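This report describes selected features of one protein model, moving from charged contacts to the nonpolar core, the surface and the backbone.

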Amino acid sequence: GVDNLLCIQTKECILIETERSTAMQWTEAQAHTIESRGKNILVSAAAGSGKTAVLIERIKQLILQDKVDVDRFLITTFTNAASQEMRERLEQAIRKEMDQPDADRAFLKRQLDLMYKANIGTFHNFALEVMHRYFYLTELEPGFVIGDEIQVSILKKESVDALFETRFEEDFDRFKAFLRKYSGDRNENRLKDNMISLYDELRSVPDYFKWARESAEWLRSDNVLSMTGIAMFLIQAFYDGLGKARRYFVEAADLLADNSVWSLAEKAREDVDRLDSLEEIMSLEPEPGVSRWDELDLLFRAGELMGDLKFNTMRAAKDEKDDYEAVKETVSVLRKKGKKEIDDLKKKYFSRSRTEAETELKSLSGDTAYLVELLEEFEQIFREKKKEKNMVDFDDVMHYASKILDDPMAAEEYREKFTYIFIDEFQYSNILQEIIAGKICRENNLFMVGDVKQSIYKFRLAEPEIFRSKYELYKKEEETQSEKIDLNSNFRSKKM
């Protein structure tokens, strides 16, 4: 499965990178990452850049050189396998240090004694520790158990079945009308599965039903695209899609120029200019005396023009045919990929006018509010079934921990306890994890490392945008308490 594969890959990477670190010279960026102190740090680490070795070396130096006790760290990893490897490597480093002639053996022995209680684990492990420590702040009964995926899945299916039975009995007309619009097949199984998936996704944010009810209400507003956040999403999707398409066309143009197919290189650059003209629409200035263009109007204007784009035909002149033949297939593939990006962008987001999009969204407000109502009732049934078994699920643990840390005394204890907080594979963080970390960190003791390019799917509802937004914030940050570091060198392709 995915989990096992990730565990094996993580273990292999840690072994390879840690062994490499004993023989390699740190690059300037790596050394800075290891040695920087007194600030929050976000490390963007490309694949093969030695980020695991750097992470372990930084923690090792904080223990051995800065004399920070190992139980004063919170180190969160993506998998339990990575946590175990981290613990073993740190213990090896401490034991190796004890063999040095001038070693502070009393300090080092204390670190080995403390290793069993070091907070090295997944974010979920930490949240569970918070629950156990502050159990009295919850309404749970003693002896609660964590349900496994199969148990929880069964309870969810039973709960959604019970919901449908109740609604058929008590709300037949409205519920049947809803089913006709959204079930999509002759039975309700697809809708049931979709409701469970939507519920799971909602639970990656705090106060999820409050947010869902507000979102349903925003659909009624006149400025629906902006109020729901869809406007920002569309703008970002526009620039991302256009940027991807442009890179394909530029690569094709450069390849033609590198192979001296000058006439087609010029045509290919004209196509790049056509794409640039779409982006330029977003910065149009109005005529004198006319109010500023609405950004969404400009966006949909650019979206409308996408369908009218005409790209040059690539036919080489006689004296360039041989040169073109050598790269023709590659150029064709690149340009097809670029055109597909534009077609997909148009079909997904700009096949309607702004007015049509807003009208359609508003028409969904009633059904959306009804869906939220159904999901809330589903949760009530689901909670009762868990309560009968004195069970909590994976997501409950995170929500309980977040609520516990709203207590000033609990949050302060963890802020005092952890001198440093490390979050590995930060690209897989979700909003709830980000909020929990924010409740226990100080202004200058958070270290996050990851590669947002590796987050090609939302594993356990991860939000890659958290990484991207923090990256942009730290890049612009003028204060000394936060810093963005890029590790881009790829060592895996080099001979060891």
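Which residues are linked in a network of salt bridges? In this predicted model, the network joins Arg167, Asp171, Glu373 and Glu377.

**Salt bridges**

The structure holds 39 salt bridges in total.

| Acidic residue | Basic residue | Distance, N to O |
| Asp66 | Arg37 | 2.9 Å |
| Asp69 | Arg110 | 3.1 Å |
| Asp406 | Lys439 | 2.7 Å |

The side chains of Asp66 and Arg37 meet in a salt bridge. Asp66 belongs to the loop between α3 and β2, and Arg37 to the loop between α2 (28–35) and β1 (40–45), so this pair ties together parts that are 29 residues apart in sequence. Asp66 is partly exposed, at 34% relative accessible area, and Arg37 is likewise partly exposed, at 24%.

Asp69 forms a salt bridge with Arg110. Because Asp69 lies in the loop between α3 and β2 while Arg110 lies in helix α5 (residues 105–114), the contact ties together parts that are 41 residues apart in sequence. Arg110 has a relative accessible area of 39% and is partly exposed.

A salt bridge also connects Lys439 with Asp406. Lys439 is in helix α20 and Asp406 in the loop between α18 and α19, so parts that are 33 residues apart in sequence are tied together.

**Nonpolar core**

The largest nonpolar core has 35 residues, and Phe126, Tyr414, Ile421 and Ile423 have the most contacts inside it. Two or more residues each are contributed by α6 (123–133), α18 (394–404), α19, β6 (420–423), α20 (431–440), β7 (446–450) and α21 (464–476). Helix α6 provides the largest share of this core, with 6 residues.

**Surface patches**

Tyr136, Leu137 and Met409 make a nonpolar surface patch of about 330 Å². Met409 is part of helix α19 (residues 408–417), and its relative accessible area of 52% makes this residue exposed.

A negative surface patch is formed by Glu266, Glu270, Asp273, Glu279 and Glu280. Glu270 is located in helix α13 (residues 262–281) and counts as partly exposed, with 33% relative accessibility.

**Backbone features**

Most residues other than glycine have a negative phi. Which value does phi of Lys67 take? Phi of Lys67 is near 60°, a positive value in a residue other than glycine. Lys67 sits in the loop between α3 (51–64) and β2 (73–77) and is partly exposed, with a relative accessible area of 41%.

Glu425, also not a glycine, has a positive phi of about 50°. This residue is found in the loop between β6 and α20. Is Glu425 buried or exposed? Glu425 is buried, with a relative accessible area of 17%.

Finally, the C-alpha atoms of Arg220 and Ser365 are separated by 6.0 Å, although the two residues are 145 residues apart along the chain. Arg220 occupies the loop between α10 (208–218) and α11 (224–227) and counts as partly exposed, at 45% relative accessibility.

Key
Residues numbered from 1 in each chain as written. Predicted model: local features only at pLDDT ≥ 70, side-chain atom pairs only at ≥ 80, totals over all residues. Heavy atoms only, no water. Patch = residues over 30% accessible without salt bridge, like charges linked within 9 Å, V, L, I, M, F, W, Y side chains within 5 Å. Areas by Shrake-Rupley, 256 points an atom, 1.4 Å probe, with all protein chains shown as cover. Salt bridge = Lys/Arg side-chain N within 4 Å of Asp/Glu carboxyl O. Lys, Arg positive; Asp, Glu negative; His and termini not counted. Charge placed at Lys NZ, Arg CZ, Asp CG, Glu CD. Helix = DSSP H or I, 4+ residues; strand = E, 2+ residues; numbered from the N terminus. Buried < 20%, exposed > 50% of the residue type's maximum accessible area, 1.4 Å probe, protein only. Core = buried A, V, L, I, M, F, W, Y, C linked by side-chain atoms within 4.5 Å.
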